[in-house]
Amino acid sequence: QVHLVESGGGLVQPGGSLRLSCAASGFTFSNYHMRWYRQAPGQEREWVATITISGMGTNYTAPVKGRFTISRDNSKNMMYLQMNNLKPEDTGIYYCYAPTLRYWGQGTPVTVSS
């Protein structure tokens, strides 16, 4: 059974950093592109970043470029999102997603506030 479990969210002040993790199981993680999404309160879920199977290819939504870094460790079945210089508008629930499998994790909350 496919499982995606996010962790690492929390409360952080503007300008701070967080590192989100996504633990994958139940499928051959190294065979799939992966994505991060987020959903702000009262907003639709939006795409944040994509990473290719090898990890060599990445892509980001414009508002997070230069601040967020997506990465993966296929030996550990893990994906990460390093978030630096966080802003209040980064607040939301962050989800990892396996697009080919159409499977979502349960999300981890991030709140950026002073």
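Tutor: Let us begin with a definition: a disulfide is a pair of cysteine sulfur atoms within 2.5 Å of each other. The structure above is a predicted model, in which local features need pLDDT of at least 70 and side-chain atom pairs count only at pLDDT 80 or more, while totals for chains, interfaces and linings use all residues. Residues are numbered from 1 along each chain as its sequence is written, and side-chain values use heavy atoms, with hydrogens and water left out.

Student: How many disulfides does that rule give here?

Tutor: The rule gives one disulfide. Cys22 is joined to Cys96, with an S to S distance of 2.2 Å.

Student: Which parts of the chain does the pair link?

Tutor: The pair links distant parts of the chain: Cys22 lies in strand β3 (residues 18-25) and Cys96 in strand β9 (residues 92-98), 74 residues apart. Strands here are DSSP runs of E with at least two residues, helices are runs of H or I with at least four, and both are numbered from the N terminus.

Student: Is the disulfide right-handed or left-handed, and why?

Tutor: The torsion about the S-S bond of Cys22 and Cys96 is about 60 degrees, so the disulfide is right-handed.

Student: Are Cys22 and Cys96 buried or exposed?

Tutor: Both Cys22 and Cys96 are buried. Buried means under 20% relative accessible area, exposed means over 50%, and partly exposed lies in between, using a 1.4 Å probe and protein chains only.

Student: What about the whole chain? How many helices and strands are there?

Tutor: The protein chain has zero helices and 11 strands. Of its 114 residues, 41% are buried.

Student: How does the radius of gyration agree with that of a compact globule?

Tutor: The radius of gyration is taken over C-alpha atoms, and the globule rule is 2.2 Å times the number of residues to the power 0.38. For 114 residues, a compact globule would have a value near 13 Å, and the chain has 13 Å, which agrees. Along the principal axes, the C-alpha atoms fill a box of roughly 40 × 25 × 20 Å.

Student: Changing topic, where is Tyr37, and is Tyr37 buried or exposed?

Tutor: Tyr37 sits in strand β4 (residues 34-39). With a relative accessible area of 14%, Tyr37 is buried.

Student: Which residues does Tyr37 touch?

Tutor: Leaving aside residues up to four places away in sequence, Tyr37 touches several residues, including Trp47, Tyr95 and Trp104. Contact means heavy atoms within 4.5 Å. Tyr95 is 58 residues from Tyr37 along the chain, yet their C-alpha atoms are separated by 5.1 Å.

Student: Where are Asn77 and Asn85?

Tutor: Asn77 is in the loop between β7 and β8 (78-83), and Asn85 is in the loop between β8 and β9. Asn77 counts as partly exposed at 27% relative accessibility, as does Asn85 at 43%.

Student: Finally, where is Pro63?

Tutor: Pro63 belongs to the loop between β6 (58-60) and β7 (68-73). Its relative accessibility is 47%, so Pro63 counts as partly exposed. Pro63 and Glu89 are 26 residues apart in sequence and 9.5 Å apart in space, C-alpha to C-alpha.
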